[in-house]
Amino acid sequence: MPATVRFVDGYLPALLALASQLISGEFHEVVRQHGFSVSEWRVMASLADGDPISIGDLAQVTVTKQPTVTRLLDRMESKGQVERLPHPSDRRITLVRITPKGSRTIERLIKLAREHESRVLEPFGLARAEELKKTLRQIIDLHARRQGGHELADEHAPSDSVLG
């Protein structure tokens, strides 16, 4: 008798969620071993390029509720890892960026994240891995625009699986 295939075994959102959970879970162990919470890691990784972003955008990129991000930023600012800045043209928006101290703090974890990503993707080859990332960016872009969210152009997307 043939095995029954469950609906979720072929349903894209379920597959994406499971893949994300498994791959992220592997790296989250490394994050915790380096003294960071997963939420702190996501914030720091999202700010790692040094460009300031709004707290709202940071919440969206890290898939974290804005009040939670604000509390995290309070703690991280007190440690000297991030700083808040006024928006140049909109007083209602607060920007946040990583500090040099924060960059030094997260540098090793980013290297480890890139190594983890390479190990995850290595069995598929570089071309296939890049095509997967391109497809995922397109899915994100298409659905973010449909939901009125921000378009994640390649240069604004999180560093391909860095968030783990």
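Guide: The model is a predicted one. The protein contains six helices and three strands, and along the sequence their order is α-α-β-α-α-β-β-α-α. Of its 164 residues, 30% count as buried. If contacts between residues at least 6 apart in sequence are considered, 52% of them join residues at least 24 apart.

Now the close look. Helix α2 covers residues 38–47 and helix α3 covers residues 55–62. Their axes come within 10 Å and cross at roughly 115°, and the crossing is right-handed. On the α2 side the contact is made by R42, V43, S46 and L47, and on the α3 side by L58, V61 and T62. Sorted by type, the residues of this contact are four nonpolar, two polar and one charged.

The loop between α3 and α4 (66–78) holds V63. What is the phi of V63, which is not a glycine? The value is positive, about 55°. Most residues other than glycine have a negative phi. Is V63 buried or exposed? Residues over 50% relative accessibility count as exposed; V63 has 71%, so V63 belongs to the exposed group.

Technical notes:
Residues numbered from 1 in each chain as written. Predicted model: local features only at pLDDT ≥ 70, side-chain atom pairs only at ≥ 80, totals over all residues. Heavy atoms only, no water. Helix = DSSP H or I, 4+ residues; strand = E, 2+ residues; numbered from the N terminus. Buried < 20%, exposed > 50% of the residue type's maximum accessible area, 1.4 Å probe, protein only. Contact = heavy atoms within 4.5 Å. Axes fitted to C-alpha atoms, helices over the stretch in contact; angles between N-to-C directions. Left-handed = near helix turned anticlockwise from the far one by under 90°. Nonpolar A, V, L, I, M, F, W, Y, C, P; charged D, E, K, R; others polar.
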